[in-house]
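Welcome, and thanks for taking a look at this one with us. Please have the sequence and the model open side by side as you read.

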Amino acid sequence: MDGTVFIPLMVIIPMICAILVNLIHGTETVTKIIAWIAAICLPIVPLVATFGNHFFGGYQPLAAGNLMSTLPEASNAIISGTVLQIFHPAITYAFGPGQQVVLFILGLVAMCAVFIAIAETKQTSGVYLFMLFMLSAALMAFVLTDDIFNLYVFFEIAALVQVGLILVSRVRGNYETGLKYMLLGEIGGSFMLLGIGLLLGMTGNVNMTDMVVMIHSGLVNPFNPVLLFAAAMLIYGWLYATGLPPFNAIKSEIYSKGLPSGSMILQSFSVIGCITIGLAIIRIFGYLPTTQMAMLAVSVIAMILGICMAMVQDDYKRIIAYLAVGELGYIGVGIALGTAYSITAGLFQAVNELVVTSFLFIGFGLVLYKTKTSKISKLGGLAEDMPVAALLTVLAGLTMAGVPPFNVFQSKYMLVQASLQAGIPELAIIMIILSIVTFLAFLKMAYAIFLRPKPDDLEVSSANVPKTTMVVMVVFLIICLVIGLFPSLVTSRLAYMALAALAL
């Protein structure tokens, strides 16, 4: 059997599961069983799928599929011998070693989010699981699709589901936050659609590979003002999807209003959006120095703002949220530098962020589970009540700060090297300083929550920490350690994805 049949299943399985758990949510046992089975499939399917392309509708590129002989004579005369022979008349899902790594880690995070959502709630919500699976499906499609309009469709699905995850969290202020994010999404999504429409008008195609062929072969004037305006619109959509400035404040607020399992998937949307839309922009408009400069400038600002805003917060959920947004700046830097090595480093950082940020959301979610408060000024001495969870949470924080031998150290080290190779040593210095400040911020927060004397008015629940959550944290710690010790397991595969983004 051709293993490429598993490629569309990465999107189809979570979508079908989302529909089923929503339809039968009144039957809790059946809902759990379906959710467990589908969740386990999410990281497994990328491992069994064969590298290659899947063409919806059964079409390959015209030349490769030899469709010339099956076309009517008149059509054959028009197409044969022209650039149309290499166009892709169907939506294409491309799956290679790099996509396999990203989708495996994404599937693992989504699986853990589903398990935690079931374990930490008294009654399983089919509606909540629907949104977790639907957002997972959208993110899988993000990584696979080579069709920029297909990317936009799932972009809008993901944006709506994000609002839904916030609305069902029952956190104070969640409705206001969801409304603001939805209104901004209407603007961000519309601008992105406008950019795609302009690209379609200029190139006559929405397949990104075909667009690159047309622009770089001279069939379309690469400096046409309409094309430049389309680039600006796509960059705006990229900023909205990732939460980079000016959307950093609302994105961090979104993270802080979600449940731990929901926040894991919410931050996954930002990370996956950062690499997929960012790579699309580099592929199509990488020949424009202003495009790379704009992406690089915004990424650096995001890194600085993230740590600065985190330092003045008293709510640990907001601290993690701002740091998560700031860490996206490192990914943006890798992509914006535009070399094979820097893009590999940026993708490596993205894979690490998927794990580490989820790790942190779970750990501090346990603090909320035990104390019902997220105010640091009201906390203290929790190491006595939850010693193992406290240790794992501190290790997660140190991992995000880039402390060896964990995985983020390796990706940030690669980004520093990429900056030096690009002749921007100032950027390398900024990243090193910000990593040190992040390390100090986590030490301060860890001491305040776990080590300083417990406030007299702090009430700590006697409920045991869910075993499922603890197992997930241990799994994430092992992943961080293994990737940190053997980074080539990931980088060697991500390099293929980086090279594909630069191929003409």
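How many positive and negative side chains does the protein have, and how far apart do the centres of the two sets lie? There are 20 positive and 21 negative side chains, and 10 Å separates the centres of the two sets. Do keep in mind that this is a predicted model.

**The overall picture**

Let us start with the fold as a whole. The protein contains 20 helices and two strands. Its C-alpha atoms fill a box of roughly 85 × 55 × 45 Å along the principal axes. The radius of gyration is 23 Å, which agrees with the value near 23 Å for a compact globule of 504 residues. Of these 504 residues, 57% count as buried. Among contacts with a separation of 6 or more, 82% are between residues 24 or more positions apart. The accessible surface comes to about 19300 Å², and carbon and sulfur atoms make up 69% of that area.

**Helix 8 and its surroundings**

Helix 8 runs over residues 174-203 and has 30 residues. From its first C-alpha to its last it reaches 42 Å, close to the 44 Å expected at 1.5 Å a residue. Its buried residues include the glycines G178, G185, G188, G189 and G195, and Y181, M192, I196 and L199 are buried too. An α-helix has 3.6 residues a turn, so residues three or four places apart point the same way. The cover over the buried residues of helix 8 includes helix 7 (148-167), helix 9 (208-216), helix 10 (225-242), helix 11 (248-257) and helix 12 (260-285). Just after helix 8, G204 takes a positive phi of about 75°.

One of those covering elements, helix 11, deserves a visit of its own. Nine of its ten residues are buried, so helix 11 is largely enclosed by the rest of the structure. Charged side chains are represented in that buried set, which includes K251, E253 and K257, and N248, I250 and Y255 also belong to it.

Which residues does A141 touch beyond its neighbours in sequence? Leaving aside those within four places, A141 is in contact with V11, Y93 and F154. A141 is found in helix 6 (residues 126-144), and it counts as buried because its relative accessible area is 0%.

Not counting residues up to four places away in sequence, Q349 touches E327, Y330, I331, V408, S411, K412 and L415.

**Backbone details in the loops**

| Cis peptide bond | Omega |
|---|---|
| P245 and P246 | about 10° |
| P404 and P405 | about 10° |

P246 is found in the loop between helix 10 and helix 11. P405 has its place in the loop between helix 16 (387-400) and helix 17 (407-421).

Is K372 buried or exposed? K372 is exposed, with a relative accessible area of 66%. This residue is found in the loop between helix 15 and helix 16, and it has a positive phi of about 65° although it is not a glycine.

Terms used: Residues are numbered from 1 along each chain as its sequence is written. This is a predicted model: local features need pLDDT of at least 70, side-chain atom pairs count only at pLDDT 80 or more; totals for chains, interfaces and linings use all residues. Side-chain values use heavy atoms; hydrogens and water are left out. Helices (H or I, at least four residues) and strands (E, at least two) are DSSP runs, numbered from the N terminus. The radius of gyration is taken over C-alpha atoms; the globule rule is 2.2 Å times the number of residues to the power 0.38. Buried means under 20% relative accessible area, exposed over 50%, partly exposed in between (1.4 Å probe, protein chains only). Contact means heavy atoms within 4.5 Å. Accessible areas come from the Shrake-Rupley method with a 1.4 Å probe; for residues, only the protein chains shown count as cover. The place of a charge is taken as NZ of Lys, CZ of Arg, CG of Asp or CD of Glu. The expected span of a helix is 1.5 Å times one less than its number of residues.
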